[in-house]
Amino acid sequence: MRRNWVEGKIAAAAALCLFAATASHAQEMPKLVTEQGRATLMVEGQPFFLLGAQVDNSSGWPDRLSAVWPAAERMRLNTLEVPVYWEQMEPVKGTFDFKVVDAVLEQARAHKTHLVLLWFGTWKNGKMHYVPDWVKSDTKTYPRMLSKAGVPIDVLSPNAPANMEADSKAFAALMRHLKEADPQHTVIMMQVENESGSLGLVRDFSPMAQAIFDAPVPADLMRALHKAGSGNWAQVFGDDADETFAAWSVSRYINAVAAAGKKELPLPMYVNNWLKSPRAFPVSTIPGDDYPSGGPTVNMFPVWKAMAPSIDLLAPDIYVPSSERYREVMKEFHQPDNPLMIPESLGFEPFPGASGYARYLYYALGDGAVGFANFGLDRLHVDEPLTGESLAQVEGFHLLGTFDRELAALKFAGKLQTAVEENGISQKELEFGIGASAWRALVSFPPSYDPPAAPISTTSDTTGLHVGRAVVASLGPNEFLVAGIDCRVQFLLPVHSGGKQPQMLKVEEGRYDGTTWVPTRLWNGDETDYGLNFGGKGSLLRITMGSY
Ligand code: DGJ
């Protein structure tokens, strides 16, 4: 009797500890961490891969937003990116209205989905369209950028302190509100502005900005860029002076906005970038004309990194027609001091000149991205039969969504690789470990129940859409987790393995319930002949390999 009471007490204490631990994890501030060169978001104290989509620009309103949840659920997204509009949030100077933000929070919680809020403030696609009307109509207090001839454009000057202060105050008010209204951290990250920089002028030529341009380049920037001596902007930067000045002005401004927000609630914060060169080099691109000048384009990274320490990462919006260029852009943005996150990628509609872009999520994952989101969730109509690109996209997200927390943990531990179908290449080999205990995973596109054609086939158009994808993660010396779509995966022993042959000991299909693996059936026969044969719907398998 006594023992039971003690056991009961111990069990109750353990349950309390577990509850306290869970409760405190739920309250833990989301953060971005990097270990051994690998970055991840930590949400509720655990690695998190942001599997997301962004809603259309005018969909951050409760009525409109309610229409996108079926698509989010069908894709098993864990995060939705939703704009917050300065014009709505501060209709009168100093008076804030958080009704819309609160309704968005409520909807996300009801759908067990996290949010990234996009602050549409001073900049939206290189313009000032989302600033409140009291800012738009008072050009004396809130100056615009001016051309050399003194003609204003519809972009606020990044050199005017009043603009920066007004935006900082509004953003700080938003973060202060979230601190109170969102203790459970439904919001895991903030995007500060949207595709910042100016379209219409390379920089502000107003007399006030010109005076700064003609003065010596600030010493902190000179130091950060390893520039010796001194001089004004034209003397130090020559042909790049205007754009560098713009980047310095915009990055300092946005840093002030982000810092004011972080003072209230230090969530991870990033800026997104309208690419300088959507297509492969060499392409002539003119700042302020072809892309917003002063934004975080790769050529301006050193300036942004030096002047915007409150921004955790610079992120590319990738709308490019070629898969080769897509991967180049990821490389350009993924730097030791800049984790990769893709907040906007071509989404759910045919894009001129592009096909097979359902693969891009898998590129990003294989490249160690902390997150990936397709743009334009509103355009996915899950009540209609899905076909082609849309179907391929949805299946790709859905498959990862079934084990997103496990996926994030394996990615952060460096145990995960991906293989993605390319035009003209029908096989990819992934290596796990080295020496005699190493395994190779040979991924072939497309799957087939016939023995693989020898040698490697190089047909340029295999599945038509080119959307074969696989994630392979090592769980132990001979154990793997494999998620695949439209491909075949064979596990091979190292080339010098003393005549030994590989064999599959067990192939379980299943799912994760939290972190618990729940097998649903065993694969064998046609499903495993010549390798694991994945169809278009995708499956998640746990495999134990052996040899004889
Ligand atoms: C990129 C912008 O960041 C988005 O807000 C949206 O305007 C898309 N372009 C439209 O394709």
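Which residues in α16 are buried? I put this to the model, which is a predicted one. In α16, I found D404, E406, L407, A408, L410, K411 and F412 buried.

**Entry 1, helix α16.** I noted that α16 spans residues 404-412 and that seven of its nine residues are buried, so the helix is largely enclosed by the rest of the structure. I then looked just after α16, where G414 adopts a positive phi of about 75 degrees.

**Entry 2, strand β13.** I turned to β13, residues 371-375, and recorded five of the five residues as buried, so this strand is largely enclosed by the rest of the structure. I checked the side-chain directions: G371, A373 and F375 point one way from β13, while F372 and N374 point the other way.

**Entry 3, partners of β13.** I looked up the pairing and found that β4 (residues 50-54) runs parallel to β13, with five bridges between them. Q54 has F375 of β13 as its bridge partner. I also found β12 (residues 341-345) parallel to β13, joined by three bridges. Here M341 is bridged to G371 of β13.

**Entry 4, ligand.** I listed the residues around the ligand as N57, K124, N125, N194, E195, N272, D317, Y319, E344 and F375. By class, I counted two nonpolar, four polar and four charged residues in this shell. I then read off distances from polar side-chain atoms to ligand oxygen atoms: 2.7 Å for E344, 2.9 Å for N194 and 3.0 Å for N125. On its own the ligand has 300 Å² of accessible area, of which I noted that the protein covers 76%.

Key. Residues numbered from 1 in each chain as written. Predicted model: local features only at pLDDT ≥ 70, side-chain atom pairs only at ≥ 80, totals over all residues. Heavy atoms only, no water. Near = heavy atom within 4 Å. Polar contact = N/O pair within 3.5 Å; in protein donor to acceptor, adjacent residues only side chain to side chain. Areas by Shrake-Rupley, 256 points an atom, 1.4 Å probe, with all protein chains shown as cover. Nonpolar A, V, L, I, M, F, W, Y, C, P; charged D, E, K, R; others polar. Buried < 20%, exposed > 50% of the residue type's maximum accessible area, 1.4 Å probe, protein only. Helix = DSSP H or I, 4+ residues; strand = E, 2+ residues; numbered from the N terminus. Pairing = 2+ DSSP bridges.
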